[in-house]
Amino acid sequence: MTSPTTIRTLTTAPLDIPLHEPFGIASGAQDVARNLLITVELADGIRGYGEAAPFPAFNGETQETARAAILAAQSIIEGADVREWRRIALALPAIPGMTGSARCAIETALIDALTRRARLPLWAFFGGVATTLETDVTITTGSVAAAARAAQAIVERGVTTIKVKIGAGDPETTTIRTMEHDLARIVAIRDVAPDARLILDGNCGYTADDALRLLDMLSVHGITPVLFEQPVAKDDEAGLRRLTAARRAPIAADESAASVADVARLAQSGAIDVVNIKLMKCGIVEALDIAAIARVAGLRLMIGGMVESFLAMTVSACFAAGQGGFAFVDLDTPLFLAENPFDGGMVYRGGVIDLSSINAGHGVTPW
């Protein structure tokens with residue numbers, strides 16, 4: 001007799017959502033979120049949903065590579081018991097071509113089905129510490145004028161922390177003067193939002209020397225960022241260590257921190273102050289291990305994401321709020337999407353993310 005918790009099917013479908021305007025980082029921009037919707041159906045009819053959000057400009061993952069990885073995992077998932085979700089998750093990295101976003105989507109769908117069946121909200125599954133978080137809102141790469149307009153809209157929304165994407169140069173000139181352009185953008189943002197906390201996100205676009213020069217120039221203008229995220233190239237551990245030792249601003253690893261091994265190494269060498277955990281980089285199980293290692297090592301925690309819809313971003317919010325202790329929260333990409341093809345999930349109230357209305361699983365259901 002088949003158990004009601006047996007996984008009957010794992011299916012995937014494109015989840016293409018246009019953005020209001022391109023989401024630009026130092027290494028490229030995205031005008032459509034080309035994601036995937038994953039559905040796990042149990043023998044009793046309960047369904048769990050997951051999202052894969054590959055971001056080619058971040059790590060080279062694409063919708064096609066994520067889909068191939070998910071389909072390759074069907075044979076170990078269909079027929080398994082959803083209560084063994086961690087055992088299943090631990091088997092995923094061995095599948096040829098497996099990607100971080102595919103792992104995240106599969107693990108999300110498994111846990112969502114399990115907790116929907118148990119009538120347990122995901123924030124409680126992860127620890128139940130809180131049901132609210134306060135997020136920043138991002139200003140993507142672009143012109144000085146666009147940065148000032150975005151800052152004004154963020155202030156009017158009641159948000160108190162602004163994250164600024166830097167390192168891409170000036171899109172309106174043929175001569176790229178990255179540092180001077182970024183300085184002008186940051187000063188314009190400060191002038192519009194003088195009381196906001198500023199996070200800089202280099203997305204690997206700077207050298208250590210230039211990052212220090214930028215911090216020097218900002219200091220002249222009375223600006224000290226509360227965090228400088230991934231200023232240097234992914235493999236430039238020496239650059240991260242130099243910036244952290246300079247104590248000009250707390251330094252966070254993002255692209256450099258894609259696995260447990262990465263974070264353990266960075267922590268041991270004193271290369272960073274903060275680790276940005278993104279479930280899309282490595283899945284939920286490994287992200288839990290990263291958070292544990294970071295806490296033991298005395299690193300502060302940040303939660304972030306790729307270009308994700310309400311589904312995946314709600315899961316990350318439940319992960320951070322449920323565990324507690326996240327000093328920096330960057331869960332704003334649904335605000336950049338022109339459509340929301342879901343019901344339920346987290347609710348934005350100004351800069352506050354509210355999870356209290358979620359009663360089972362992550363609470364997000366496709367139309």
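Colleague: How much space lies in the largest pocket, and what makes it a pocket?

Modeller: About 490 Å³ of space lies there, in a predicted model in which local features need pLDDT of at least 70, side-chain atom pairs count only at pLDDT 80 or more, and totals for chains, interfaces and linings use all residues. It is called a pocket because it is an open set of points on a 1 Å grid over the protein atoms alone where a 1.4 Å probe fits, with protein on both sides within 12 Å along at least five of seven lines. The volume is the space filled by probe spheres set on the points, which are joined across faces, edges and corners.

Colleague: Which residues are the closest to the centre of the largest pocket?

Modeller: The lining comprises 22 residues, each with an atom within 4 Å of a point. Closest to the centre are Glu21, Thr138, Ile139, Ala150 and Phe336. Residues are numbered from 1 along each chain as its sequence is written, and side-chain values use heavy atoms, with hydrogens and water left out.

Colleague: Which element gives the most to that lining?

Modeller: Helix α7 gives the most, with six residues. Strand β1 (7-25), strand β5 and α7 (144-157) each supply at least two lining residues. Helices here are DSSP runs of H or I of at least four residues, strands are runs of E of at least two, and both are numbered from the N terminus.

Colleague: What is the strand order of the open sheet, and why do β5 and β12 stand at its edges?

Modeller: Eight strands form the sheet, in the order β5-β6-β7-β8-β9-β10-β11-β12, with parallel pairing. Strands β5 (137-139) and β12 (326-329) each have a single partner strand, so one side of each lacks a neighbour in the sheet.

Colleague: How do you know that β6 and β7 pair; how many bridges join them?

Modeller: Strand β6 (residues 161-165) and strand β7 (residues 197-201) run parallel and are joined by five bridges. Pairing requires at least two bridges found by DSSP, so these strands count as paired.

Colleague: Why is His181 called buried, and where is its place?

Modeller: The place of His181 is in helix α8 (residues 178-192). Its relative accessible area is 6%. Buried means under 20%, exposed over 50%, and partly exposed in between (1.4 Å probe, protein chains only); His181, at 6%, is therefore buried. Its C-alpha atom is separated from that of Ala91, 90 residues apart along the chain, by 46 Å.

Colleague: What makes the contact of Glu41 and Arg47 a salt bridge?

Modeller: The term requires a side-chain nitrogen of Lys or Arg within 4 Å of a carboxyl oxygen of Asp or Glu. Glu41 and Arg47 meet at 3.3 Å, N to O, so the pair qualifies. Glu41 counts as buried because its relative accessibility is 17%, whereas Arg47, at 41%, counts as partly exposed. The structure holds 24 salt bridges.

Colleague: How do you know that Arg242 forms a salt bridge with Asp209?

Modeller: Their closest N and O atoms are 2.5 Å apart, which is within 4 Å, so the contact counts. The pair links distant parts of the chain, 33 residues apart: Arg242 in helix α10 (residues 237-246) and Asp209 in helix α9 (residues 208-220). Arg242, at 41%, is partly exposed, and so is Asp209, at 34%.

Colleague: How far apart are the closest N and O atoms of Asp216 and Arg248?

Modeller: They are 2.2 Å apart, so this pair too is a salt bridge. It likewise links distant parts of the chain, 32 residues apart, with Asp216 in helix α9 and Arg248 in the loop between α10 and β9 (251-253). Asp216 counts as partly exposed at 36%, as does Arg248 at 34%. Salt bridges that share partners also join Lys163, Lys165, Asp201, Glu229 and Asp330 into one network.

Colleague: What is the phi of Asn203, and is the residue buried or exposed?

Modeller: Asn203 has a positive phi of about 45° although it is not a glycine. Most residues other than glycine have a negative phi. Asn203 lies in the loop between β7 and α9, and its relative accessible area of 4% makes it buried.

Colleague: Where is Cys204 found, and why is it called partly exposed?

Modeller: Cys204 is found in the loop between β7 and α9. Its relative accessibility of 25% falls between the 20% and 50% limits, so it counts as partly exposed. Cys204 also has a positive phi, of about 70°, although it is not a glycine.
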